[in-house]
Amino acid sequence: EPVAYEEEGLCHLDINDRDYGFSYVTEADRLVIWTAVCPRPPHSGDALLVQLLRANFIGQGMPDGALSLSEDDVIYAHCTLKMPIYDKTEFYELLNRFVENVDNWRTMIDLADRAREHIKKIRPDAPPPQEGEIRFDI
């Protein structure tokens, strides 16, 4: 069904119970898609952020995709699609790939947080992870 854009060329869609923003940049003929992945994990340091930012969906088939950290410490995923895309199947495939990548990042961050909490419970004397380290060992 057609999507109604706001005056500023923005719209928001609910996909898998998450808010995804779409912004059409007419001067560049590009569609930018973004969503919040998660708040910055409280235990993360610069090393984790560098790791996330370097990932930039490399090897995941997402054109012009990236992860970024907002001023209010929220990790965002975004991608830029060159328009026009005449084949709506191609558009849906790209959108689905973006949503899957975002879900994967949310899962990885959640697993790292749960592993960290589990280690604290079973080994309270274990040394804390170094800044930005994600450990799954026990």
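This briefing walks through the fold, the strand pairing, the core and a few local details of the chain above.

The model is predicted, so local features are reported at pLDDT of at least 70 and side-chain atom pairs at pLDDT 80 or more, while totals for chains, interfaces and linings use all residues. Residues are numbered from 1 along each chain as its sequence is written, and side-chain values use heavy atoms, with hydrogens and water left out. The chain has 2 helices and 5 strands, where helices (H or I, at least four residues) and strands (E, at least two) are DSSP runs numbered from the N terminus.

**Fold and confidence**

- Along the sequence, the elements follow the pattern β-β-β-α-β-β-α.
- The mean pLDDT of the chain is 75, and 70% of the residues score at least 70; pLDDT is the predictor's confidence in each residue, from 0 to 100.
- Where pLDDT is low, the predicted coordinates should not be read in detail.
- Of the 138 residues in the chain, 36% are buried; buried means under 20% relative accessible area, exposed over 50%, and partly exposed in between, using a 1.4 Å probe and protein chains only.
- Among contacts with a separation of 6 or more, 49% are between residues 24 or more positions apart; a contact means heavy atoms within 4.5 Å.

**How the strands pair**

- Strands S3 (residues 30–39) and S5 (residues 74–82) pair in the antiparallel sense over 9 bridges; two strands pair if DSSP finds at least two bridges between them.
- Within that pairing, Arg30 has Lys82 as its bridge partner, and Ile33 stands opposite Cys79.
- S5 also pairs with strand S4 (residues 65–69), in the antiparallel sense and over 5 bridges, with Gly65 partnered by Cys79.
- S2 and S3 run antiparallel and are joined by 5 bridges, one of which has Val25 and Arg30 as partners.

- As background, most residues other than glycine have a negative phi, and most peptide bonds are trans.
- The hairpin of S2 and S3 has 4 residues between the strands, and Asp29 in its turn has a positive phi of about 55°.
- Asp29 is partly exposed, with a relative accessible area of 25%.
- The hairpin of S4 and S5 also has 4 residues between its strands, with Asp73 at a positive phi near 60°.
- Asp73 is not a glycine either, and Asp73 counts as partly exposed at 35% relative accessibility.
- Met83 and Pro84 are joined by a cis peptide bond with omega of about -5°, and Pro84 lies in the loop between S5 and H2.
- Met83 and Ala28 are 55 residues apart along the chain, with their C-alpha atoms separated by 8.7 Å.
- Ala28 sits in the loop between S2 and S3 and counts as partly exposed at 37% relative accessibility.

**The nonpolar core**

- The largest nonpolar core has 23 residues, of which Tyr20, Phe22, Ile33, Val37 and Leu81 touch the most other members; such a core is a set of buried Ala, Val, Leu, Ile, Met, Phe, Trp, Tyr and Cys residues joined through side-chain atoms within 4.5 Å.
- Strand S1 (10–15), strand S2 (18–25), S3, S5 and helix H2 (88–122) each supply at least two residues of this core.
- H2 gives the most to this core, with 8 residues.
- Leaving out residues up to four places away in sequence, Val37 touches Leu67, Ile75, Tyr76, Ala77, Val102, Trp105, Arg106 and Ile109.

**Aromatic pairs and cysteines**

- The whole structure holds 2 aromatic pairs; rings of Phe, Tyr and Trp (its six-membered ring) pair if their centres lie within 6.5 Å, and planes under 30 degrees apart count as stacked, over 60 as edge-to-face and the rest as tilted.
- The Tyr20 and Phe98 rings are edge-to-face, because their centres are 6.1 Å apart and their planes stand at 75°.
- This pair links distant parts of the chain, with Tyr20 in strand S2 and Phe98 in helix H2, 78 residues apart.
- Both Tyr20 and Phe98 are buried.
- The disulfide count is 0, where a disulfide is a pair of cysteine sulfur atoms within 2.5 Å.
- Cys11 is buried at 3% relative accessibility, and Cys38 is buried with a relative accessible area of 15%.
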